[in-house]
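Try each task before reading its solution.

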Amino acid sequence: MDDLKKFIRNMPKAELHLHIEGSLEPELMFALARRNKVEIPFATVEEVQDAYQFSNLQDFLDIYYQGMSVLLKEQDFYELTFAYLTKMQEQKVIHVEIFFDPQGHTDRGVPFATVIDGITRALNDGLEKYGITSKLILCFLRHLSEDAAFATLAEALPYRDRIAAVGLDSSEMGHPPSKFARVFEKAKAEGFLAVAHAGEEGPPEYVSEALDLLKVDRLDHGNRALEDTALVTRLADSQIALTVCPLSNYKLAGVTDMRAHPIKKMLDLGLKATVNSDDPAYFGGYMNENFEAITESLNLTKEEILNLARNGFEASFCSDTEKQAMISRLEAYGA
Ligand code: HPA
Ligand code: ZN
């Protein structure tokens, strides 16, 4: 295992499922709360960690939205994003595709421009200082209305050159992809790629809806698709990638024992599974910790680890040339 851990830590990787607001570590949360004079209900890192015990997605989301309340200024979004990229550089992550939740900020009176300017300034610095390439994905909050999503899409249009795709996150149950079919149709017509969280807590039908109605180019989570054999065949045949988040599934109790995590089964079924961290500051691990957790609990081989990493590059929204360059780096590393 020690050899495999070392192999994982030095392996070139891509992350495709990361909520930038979910990378807010307690120390930065405290610093920003002080700087911006925002009250938070925690006094110490220990109190924060005690609060990070979740029994489902909604439990987590309540704390997640509270945490992001310290983000007010462009510099705050910059520091949040640059801290994440610094961590990724340490973990040998060479490409990232990150989500942001504009409605989590605009609904608090923070302008869309403040959010996206801070994030993209950090992404540009990440490229310059660390050589990390990136794409940005705008997520609609599915517990809010279709109208609110349309308004957010309209706000994003002036920034379309900075945004690769739209996505769908937040409370899944009761908010099926069908609620946003028209918004996604418009976003696709405007030239955005599409992803959506589906099958994290929601039923396999939500996964089918994401494919049929939102026409997603990639699926976020997708775990519960395994309950429907016809859907599994469809996902295997189409090679639509799944951005799987092992420690997130464990922390949100979708998986109660890491030894029962479905990612190995997904690979065995021919699904294009990738490894990601989701909200690393809340779920106890970034990319390497996620790879290590599944490798240990599922006894993954070096070949399986390399396959997962390769899937990450193949499932990215990069050009074929860019993908091939990253895969060549991975192959050179594996050899
Ligand atoms: N699921 C759904 N919405 C989210 C998540 C998640 O894991 N993290 C941040 N928003
Ligand atoms: Zn997510």
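**Exercise 1.** How many Å separate a nitrogen atom of ligand 1 from an N or O atom in the side chain of His 19?

*Solution.* Start with the ground rules: this is a predicted model, where local features need pLDDT of at least 70 and side-chain atom pairs pLDDT 80 or more, while totals for chains, interfaces and linings use all residues. Residues are numbered from 1 along each chain as its sequence is written, chains are lettered from A and ligands numbered from 1 in written order, and side-chain values use heavy atoms, without hydrogens and water.

Now look at His 19: the separation is 3.4 Å. Next, a nitrogen atom of ligand 1 is 2.7 Å from a side-chain N or O atom of Asp 279. Finally, Ser 170 places a backbone N or O atom 2.8 Å from a nitrogen atom of ligand 1.

**Exercise 2.** At what angle do helix H8 and helix H9 pack?

*Solution.* Find H8 at residues 146-156 and H9 at residues 181-189; they pack at about 15°, with axes 9 Å apart. H8 is therefore roughly parallel to H9 (angles under 35 degrees count as such). For the contact (heavy atoms within 4.5 Å), Glu 146, Ala 149, Phe 150 and Leu 153 of H8 meet Arg 182, Val 183, Lys 186 and Ala 187 of H9. Sorted by class, that gives five nonpolar, no polar and three charged residues.

**Exercise 3.** Which residues of H2 meet H5?

*Solution.* In H2 they are Leu 28, Leu 32, Arg 35 and Asn 36, facing Gln 75, Asp 76, Glu 79 and Leu 80 in H5.

Note on methods:
Axes fitted to C-alpha atoms, helices over the stretch in contact; angles between N-to-C directions. Helix = DSSP H or I, 4+ residues; strand = E, 2+ residues; numbered from the N terminus. Parallel < 35°, antiparallel > 145°, perpendicular 65-115°, else oblique. Nonpolar A, V, L, I, M, F, W, Y, C, P; charged D, E, K, R; others polar. Polar contact = N/O pair within 3.5 Å; in protein donor to acceptor, adjacent residues only side chain to side chain.
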